[in-house]
Amino acid sequence: MEINHTESGGFSIHLGRNEVNDKPLQMARCLKENEPSPTAQNKIVMESGSRLQIIDTEDSANLKSDKILSNTEIVIEENARLEIYKIQNLDDKTLSDGTFSIKQNADSFFKMVVVSFNGGDIRNNINIDINGKGADTNVFGLYLMDKKQRIDNKLKVNHFVPECTSNTKFKGILDNESKGSFSGHIYVAPDAQKTNAYQNNSNIILTNEAKIDTRPFLEIYADDVKCSHGTSTGQLDKDAMFYMRQRGISFENARMLLMYAFAAEISNHIDVEQLREHIDDMIKRRLKGELSSCDKCVLQCYKPKEYV
C-alpha cells in the first residue's frame, strides 16, 4: 500500500492488485484556530482484488475552529472491496463540507458509514457511479444534532449497468433548534436492468423547534428492477413508551432506550468490532449528555453490556 500527503493537506492511497490491508487504516484531520483552510484533495485507488478498511475522523482542536473542507475521489476496480467509517465530532462553530466521488467497477463492494455527533454546520455530499455488473453499494448515516446545529446529507447513486445493488439508509435524532436535511437520488439508466436499489431516511424530532427536510427521489428508466424509497419523521413511539412504562421502566430510561435502539441500527453496520463498541459508547454518552439526561441511567457507558 502506498500512502502520500498532498500539498492541500489531503492524502492519496493506492492499493495494488490483490493487495489486502489486514488492519484498518485511520485518517485524522484536526483543525486548529486561525489555521488556513484549503480544500483537502484526497484520492483512493483500489486495484483489482484489493481490500481496505478506513476510519476517517474529523475533530476540533478547540472551541474556535473554522472550516474543514475536503474532496475525495475514489476508484474501486473489479472485485475490490473498500469500507469507510467516517466519524464527525466537531464543535458548534465548525463548518465541515466534504464531497466523496466514488466510481465502482464490476463485482466491487463499497460500504460507507457516516456518524455525525456534533458540528455547527455539516455538509456531506456523496456521489456514486456504478459502472460494472455485480457491484454492491451500501451507505449508512446517523446524525445526532441539538442546540442550533445544522446537517445536510446529499446522496446520489447512479446505476449505469445491469445487475447491481445499492442500499442506503440515514437516520437522525434532532433536539432543541437543530435543523437537518436529507436529499437522496437514485438514478437507474435505461440499460440497467435487474437493478436492486433501496433508499430510506428516518428521523426522530424531540422538540417543536427542531426541523428536518427530507427528499428521497427515484429516477428509473428501466422496467425490470426492484427499487423502493421511503421516509418517516415523528416523535418517539407512544405505544412503545407505554409498553415499557407498564413494566416499571422510568420515563427517562424508556425514552433513552428507544433512542439508542433507533441509532444502533446504523452503528451495527460497522464491521470493525473495537470501533463499533467505541461508537456505541459515544452514542450512549451523546444521548445521556445533551439529547436526554437522567440521574440513574440504564445505559452504562464504558461497561459494555447486552440489553434486550
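Met-244 lies in helix 1 (residues 238-245), where helices (H or I, at least four residues) and strands (E, at least two) are DSSP runs numbered from the N terminus. This is a predicted model, in which local features need pLDDT of at least 70 and side-chain atom pairs count only at pLDDT 80 or more, while totals for chains, interfaces and linings use all residues. Residues are numbered from 1 along each chain as its sequence is written, and side-chain values use heavy atoms, with hydrogens and water left out.

With a relative accessible area of 13%, Met-244 is buried; the term buried means under 20% relative accessible area, exposed means over 50%, and partly exposed lies in between (1.4 Å probe, protein chains only). Leaving aside neighbours within four places in sequence, Met-244 is in contact (heavy atoms within 4.5 Å) with Ile-249, Ala-254, Leu-257 and Leu-258. The C-alpha atoms of Met-244 and Ala-254 are separated by 6.2 Å, and these residues stand 10 apart along the chain.

## The chain as a whole

The chain has three helices and 17 strands, and buried residues make up 51% of its 308 residues. Among contacts between residues at least 6 apart in sequence, 83% join residues at least 24 apart.

Confidence is given by pLDDT, the predictor's confidence in each residue, from 0 to 100. The mean pLDDT of the chain is 87, and 88% of the residues reach 70 or more, but over residues 290-308 the value stays under 50.

## Nonpolar cores

In soluble globular proteins, nonpolar side chains tend to be buried together. A nonpolar core is here a set of buried Ala, Val, Leu, Ile, Met, Phe, Trp, Tyr and Cys residues joined through side-chain atoms within 4.5 Å. The largest one has 38 residues, of which Ile-13, Ile-44, Leu-82, Ile-84, Phe-110 and Ile-126 touch the most other members. Strand 10 (residues 121-130) gives this core its largest share, four residues. Apart from it lies another core, of 30 residues, including Val-113, Phe-117, Leu-142 and Ala-264.

Not counting residues up to four places away in sequence, Phe-110 touches several residues, among them Ile-76, Ile-102, Ile-128 and Val-139.

## Aromatic rings and charges

The structure holds three aromatic pairs, a term for rings of Phe, Tyr and Trp (its six-membered ring) whose centres lie within 6.5 Å, with planes under 30 degrees apart counted as stacked, over 60 as edge-to-face and the rest as tilted. Phe-170 and Phe-182 form a tilted pair, 5.3 Å centre to centre with 40° between the planes. Because Phe-170 lies in strand 13 (residues 165-174) and Phe-182 in strand 14 (residues 179-188), the pair ties together parts that are 12 residues apart in sequence. Phe-170 is buried at a relative accessible area of 2%, and Phe-182 is buried at 0%. Phe-160, Tyr-187 and Tyr-221 form one aromatic cluster.

A charge sits over a ring if NZ of Lys or CZ of Arg is within 6 Å of the ring centre and within 35 degrees of the ring normal. Arg-81 lies over the face of Phe-109, at 3.8 Å from the ring centre, and the charged end of Lys-171 sits over the ring of Phe-262, 4.0 Å from its centre.

## Two loop residues with positive phi

Lys-147, in the loop between strand 11 (136-145) and strand 12 (150-159), has a positive phi near 50° although it is a residue other than glycine, and it is partly exposed at 40% relative accessibility. Asn-176, in the loop between strand 13 and strand 14, is not a glycine either and has a positive phi of about 55°; its relative accessibility of 31% counts as partly exposed.
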